[in-house]
Amino acid sequence: KYGPIYKMLLDHPVGRFLKSQGYRYTQLGSWFPHTRESNIADSMLRPGVSADFGTLVWDATIVPPIQRLGSSGKKDDEQDRQVTSAIYQWDQLSRLCRQDGKNFVFSHILLPHPPYVFWSDGTYPTEAQRKLPEPERYAAQLEYTNKRIREVVDELLGETEPVAQVGLAA
């Protein structure tokens with residue numbers, strides 16, 4: 001059913017066109033298999049496995065372990081993957097917004113999809129918050145996601161020449 005869409009995500013006309021116009025194409029992948037890879041990106045950044053020099057330096061700092069310690073409780077593998085992926089992507093997207101030159105960045109941040117691992121202020125939900133009905137947990141994660149998107153847009157608008165286009169799909 002979705003096969004043609006997934007195939008197009010690997011090699012799409014927008015990326016090819018922008019590359020032909022001199023843009024550097026960076027794919028900021030997620031844990032979702034169909035937006036984790038690209039056949040045409042100049043640079044692939046993926047949570048946990050990127051070999052990009054900036055990512056290797058970042059991963060060698062104390063920040064990633066501190067972020068993992070910030071959790072208020074145990075998370076299962078899916079929750080941990082969601083947290084790690086989202087934090088990595090927001091950090092990288094913020095860095096890429098300040099990158100010089102003509103840049104096209106494709107990013108698929110899987111929020112506010114479940115599992116609901118962020119509260120509206122960006123903290124991890126408390127035990128009591130995790131027991132709230134799904135619509136309330138969804139609304140809290142959506143509020144956090146919208147705040148982060150506004151921050152990215154504000155960074156982009158602060159540039160004299162736009163360096164990326166933000167596209168969102170839920």
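## Strands side by side

Two strands count as paired if DSSP finds at least two bridges between them. Five bridges link strand 1 with strand 3, and the two run parallel. Within this pairing, Q27 sits opposite F106 of strand 3.

Strand 1 also has a partner in strand 2, which covers residues 43-45. Three bridges join these two strands, again in a parallel arrangement. Here L28 is the residue that faces L45 in strand 2. How much of strand 1 is covered? Four of the five residues in this strand, which spans 24-28, are buried.

## The nonpolar cores

Now for the inside of the protein. The largest nonpolar core has 20 residues, and L28, V83, W90, L93, L111, F118 and V152 touch the most other members. Which elements give two or more residues to this core? They are helix 6 (77-97) and helix 8 (134-157). Helix 6 gives the most, with eight residues.

Leaving out residues up to four places away in sequence, L111 touches Q82, A86, W90, F118, Q141, Y144 and T145. There is also a second, separate core of six residues, with L18, Y25, I40 and M44 among them.

Most peptide bonds are trans.

## How confident is the model?

For the protein as a whole, the mean pLDDT is 82, and 77% of the residues reach 70 or more. Among its elements, helix 2 (residues 13-20) has the highest mean pLDDT, at 95. Helix 4 (residues 53-59) has the lowest, at 57.

One stretch to treat with care is residues 71-75, where the pLDDT is below 50. Beyond near neighbours in sequence, this stretch has seven contacts in the model. Where pLDDT is low, the predicted coordinates should not be read in detail.

Note on methods: Residues numbered from 1 in each chain as written. Predicted model: local features only at pLDDT ≥ 70, side-chain atom pairs only at ≥ 80, totals over all residues. Heavy atoms only, no water. Buried < 20%, exposed > 50% of the residue type's maximum accessible area, 1.4 Å probe, protein only. Core = buried A, V, L, I, M, F, W, Y, C linked by side-chain atoms within 4.5 Å. Contact = heavy atoms within 4.5 Å. pLDDT = per-residue confidence, 0-100.
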